[in-house]
Structures are given as C-alpha cells and as structure tokens.
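Here is a brief report on one protein model. It starts with surface charge, then turns to salt bridges and overall shape.

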Amino acid sequence: VLIKDKIRELKEKIRTLELKKESLSDKVDMQKNFIDELETRSQDDIKQKEYKIGELLNEENSYIGSNEKLNQELVKLQKEVEEYSDSGKRLREYGNCKGKISQKISTLVKEHKFFSDNTVCPTCNQDIEESFRVNRIDDSQNKAKDLQEDYEKLLSVIKDEENRESHFKSLSGEITKVLNGITSNHSQINSCQRQIKSIESEIQTLTSQIADRNSEHEKLEQ
C-alpha cells in the first residue's frame, strides 16, 4: 500500500512536471517566433535603409555632376569677364576727358562771343584791333570745331564702353548665379552625406540587435 501510494504520488509529480515542460516549451516556441519576427522586421528595415542610402548616393552624385558642369561654366565666365573688367575704369577716364573737352568748348564759346560782341575792351575801354579780333574769332571757331569733332568721337567711344560695362555687369550676375548654384549643391551634398551617415549608424544598431537575438535564439535552442 505504501509503495502504491508512493507510485501514485510520483505519477502526479511527473504529470505536473510534464505540464510545466509543455508550458515552458510553448513559451520557448513563442519566444523563438517573436525573435524570428523581430529579426525579419529588422532585416526588412535594413533593406529599406540600404535602398534609401542608394537613393541618397544617386542624389549626391547628381549634385556632384551638376557642380562639375557649373564649375566649367564658371571658369568660362571668369575668363570672359576679365576682358571687360577695366570698363568701369575706362568710363571714368573718358568721363574726365568729356568734362575737360566740355570746359574747353565752353571757354571757346565765351571767347568767340566776346570778340564777336565787342570792338572795345570793356575793362580798359581801348579799341580792339580788328585784325586781332577777327583772328581770335576764326581761331576760336576752328578750335571749337576740332573739339566738337573730338567730343562726338569721345561720345561714340563712351557709348561702346557703356555697352562693355553693361556686358560686364551681366556676366558678373551670371557668375553670382553660378556661385549660388554651386553653394546650394554643396549644401545638398552635405545633407545627403549626413543622412547616409545617420542611416548607416541605424543599420549598425539593427545589425547588433540581430546578432544579440541570434545569440538569444541559440540559448533557447540549448
């Protein structure tokens, strides 16, 4: 009777342990499935992040290619603008010449008017010799004519130089636009590189997590 009771007691313990074993086995399976699911999700996340890195690399290469073209255009514009860089200085010089010629013409006009209107000096009341007066009138007319021709030529030269300066300003504006484009592209390239670095760090974290889960999975298997 004692032996039977002992056997019955042991059988009950065995059933209890088997139930616990089954429960633990279910928990292990659930844990394995959970780990597998997390690993699958992590792998999918890694693939998506790698795809995003590929997109960013393509975008970065696009900006780099754009900058190469812009740099070529910049070199061309800088070379061209050098030919017109002295236009401002020339205009100032021509402006000074224009002022001097205008002053000389004004002086000759006054002189011509004086000798044309006066036969007697208004200051000393002495008669002005007629031949001298006529010579001064003719001389002022000839000089004024020559200066007027020079003045008209100078105006034509100034007009050409103003066109050169206008083209210089236009080229300078294009250079500024190109430089702004290069700067903007550099900013975009830096942004792409920062995003790539951040995503690579996230991938590294996910890879470490996968390794930890694999290690945990192996422990559960054991």
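## Negative patch

Asp146, Glu149, Asp150 and Glu152 form a negative surface patch. Patch residues have over 30% relative accessible area and no salt bridge, and like charges are joined within 9 Å. Asp150 sits in helix 3 (residues 130-221); helices are DSSP runs of H or I, at least four residues. Asp150 is partly exposed at 38% relative accessibility (buried is under 20%, exposed over 50%, partly exposed in between, with a 1.4 Å probe and protein chains only).

This is a predicted model, where local features need pLDDT of at least 70, side-chain atom pairs need pLDDT 80 or more, and totals for chains, interfaces and linings use all residues. Residues are numbered from 1 along each chain as its sequence is written, and side-chain values use heavy atoms, leaving out hydrogens and water.

## Salt bridges

The whole structure holds eight salt bridges (a Lys or Arg side-chain nitrogen within 4 Å of an Asp or Glu carboxyl oxygen). One of them joins Glu9 and Lys13 at 3.8 Å, N to O. These two are four residues apart in helix 1 (residues 2-82), so about one helical turn separates them.

Arg90 bridges Asp86 at 3.2 Å. Arg90 also bridges Glu161 at 3.7 Å. That pair links helix 2 (residues 87-117) to helix 3 across 71 residues. Glu161 is buried, at 3% relative accessibility. Asp86, Arg90, Glu161 and Arg164 are linked in a network of salt bridges.

## Overall shape

The chain has three helices and zero strands. Its C-alpha atoms fill a box of roughly 175 × 35 × 15 Å along the principal axes. Buried residues make up 21% of the 222 residues.

Methods
Patches are made of residues with over 30% relative accessible area and no salt bridge: like charges are joined within 9 Å, nonpolar side chains (Val, Leu, Ile, Met, Phe, Trp, Tyr) within 5 Å. Accessible areas come from the Shrake-Rupley method with a 1.4 Å probe; for residues, only the protein chains shown count as cover. Lys and Arg count as positive and Asp and Glu as negative; His and the chain ends are not counted. The place of a charge is taken as NZ of Lys, CZ of Arg, CG of Asp or CD of Glu.
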